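Please find below a colleague's note on the model under review. The sequence and structure come first.

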Amino acid sequence: VLFGKRSDKRERPLMVYVLLELAIGVYCLVLPFLARGAGALYESLAGATFEQAGTKTVLRLALSLAVITLPAVLMGGTLPVLARYLIEEVAQTRKAVASLYALNNIGAVLGSGVAGFYLLPEYGIYGSLAAASGMNFVAAGLVWLANSRTDYKPSTASASETAVHSAMPIYTSSQFQATLWALALSGFAAMGYEVVFLRLISMGFGSSTFSFTVMLMCFITGIGIGSGIVSLISVKRPMWWLAASQMGVIVSLIAVTPLLERMPYLISTMRTTLINWPADPSVHEPFGPVAYGFEKFLAGQAGWCFLMLLAPTVLIGMGFPLVSQIQARSVSNIGGTIGSTYAWNTVGNVLGVVITSLVLMPYYGGFEGAFHANLMINFVAVLLLIYAAREAKLSLRLATFAALLVVMGLYGAAGRDWS
């Protein structure tokens, strides 16, 4: 929100991006020293709260926020600033935001893979942070060059923009608010699902850095693909597309629960096939792993994660670009609009992680209850969107809602005890 609005007031918004990337890079270089100081402070304070688990959790959360809030705020400003530079007409909002979001996620997938599989094992945390800072400086330099070669023109609503924008559905203030609340709720549920799946998959594949990296790459890849799809298609009824995509998230997640139930058996089978067993069945000691057994195991893990997560994450990735298209009304404040939309999504993400990890999973005592709670939060988002998506016929909305109720009813009656 902060940097998106500031970019609307700047004649050269790219310079805001350059400063953001430089600040992020510098902060990452000093982050090890800040983390060391936060660790020392925690050690000095934790002794007084040794038997108070809740107090220690709050202390860890507060120190973590103190260390990472500033770079997180700076990172959150990069996408709205670039959107402000690229969008010259309101009609370009969906395509520009979806393209940026998809590219951002592609970079995140590559960064996760390189850091998890190469930088961390070879150079450790500090070396990995230094490499990441270098990428921030490279990004700043590239955008600085682009800025120096760009002739800026004042952002004004052109005749073509007015014509195209007038062809889009006209929304009321209650519809604008409904989409933002739905985005926050779906963002909450999306991160809640990620926490549940991460914990569940780590029980089968292990909690190593490699397993976490594979899981993260699969999740982000699906979101990037969903954004890429939105950037390529023509969307004349974005609110209905948003409602349909969120209904698809619920249905696809329900559909993969049988895979979750069978995951321990399938993982055990995969482990067994990657071991050289003697031909004599009376000998129970294996010879050892097959050639490249660990690499094959990671590949199998990636395939398993993609099988479970691809459909729901693709549909989740469609949400933010579609809401940005709905919210965009004037090119003169497009940076602030994209920034505030991004903020609603991010607040939902943060609350989803915190509440699912610290409240829902301890309260329900496992994965299933937390999964169902997030499923119901996603359902509330769908209800808001079905009510608000008046651009679609009432009969279509009612029929789709009835079908969703049938799916959830069948799941509640026969399929919910999968853990």
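1. The model is predicted: local features need pLDDT of at least 70, side-chain atom pairs count only at pLDDT 80 or more, and totals for chains, interfaces and linings use all residues. Residues are numbered from 1 along each chain as its sequence is written, and side-chain values use heavy atoms, with hydrogens and water left out.

2. Leu19, Leu22, Val26, Leu29, Val30, Phe33, Leu34 and Phe137 form a nonpolar surface patch of about 690 Å². Patch members have over 30% relative accessible area and no salt bridge, with nonpolar side chains (Val, Leu, Ile, Met, Phe, Trp, Tyr) joined within 5 Å and like charges within 9 Å. A salt bridge here is a side-chain nitrogen of Lys or Arg within 4 Å of a carboxyl oxygen of Asp or Glu. Areas follow the Shrake-Rupley method with a 1.4 Å probe; for residues, only the protein chains shown count as cover.

3. Helix 2 (residues 13-46) is the greatest contributor to this patch, with 7 residues. Helices are DSSP runs (H or I, at least four residues), numbered from the N terminus. Leucine 34 is located in helix 2. With a relative accessible area of 37%, leucine 34 is partly exposed (buried means under 20%, exposed over 50%, partly exposed in between).

4. Helix 5 (residues 93-148) and helix 8 (residues 209-232) have axes that come within 8 Å and cross at roughly 165 degrees. Helix 5 is therefore roughly antiparallel to helix 8. Axes are lines fitted to C-alpha atoms, for helices over the stretch in contact, and angles run from 0 to 180 degrees between N-to-C directions; those over 145 count as roughly antiparallel. Helix 5 passes helix 8 in a left-handed crossing (the near helix is turned anticlockwise from the far one by less than a right angle).

5. Within helix 5 lies asparagine 147, which counts as buried at 5% relative accessibility. Between asparagine 147 and lysine 393, the C-alpha to C-alpha distance is 46 Å, for a sequence separation of 246 residues.

6. In a second pair, the axes of helix 9 (residues 238-273) and helix 11 (residues 319-327) come within 9 Å, crossing at roughly 155 degrees. Helix 9 is thus roughly antiparallel to helix 11, and their crossing is left-handed.

7. Is serine 245 buried or exposed? Serine 245, part of helix 9, is buried, because its relative accessibility is 3%. Its C-alpha atom is separated by 20 Å from that of alanine 343, 98 residues apart along the chain.

Notes:
Helix = DSSP H or I, 4+ residues; strand = E, 2+ residues; numbered from the N terminus. Buried < 20%, exposed > 50% of the residue type's maximum accessible area, 1.4 Å probe, protein only. Parallel < 35°, antiparallel > 145°, perpendicular 65-115°, else oblique.
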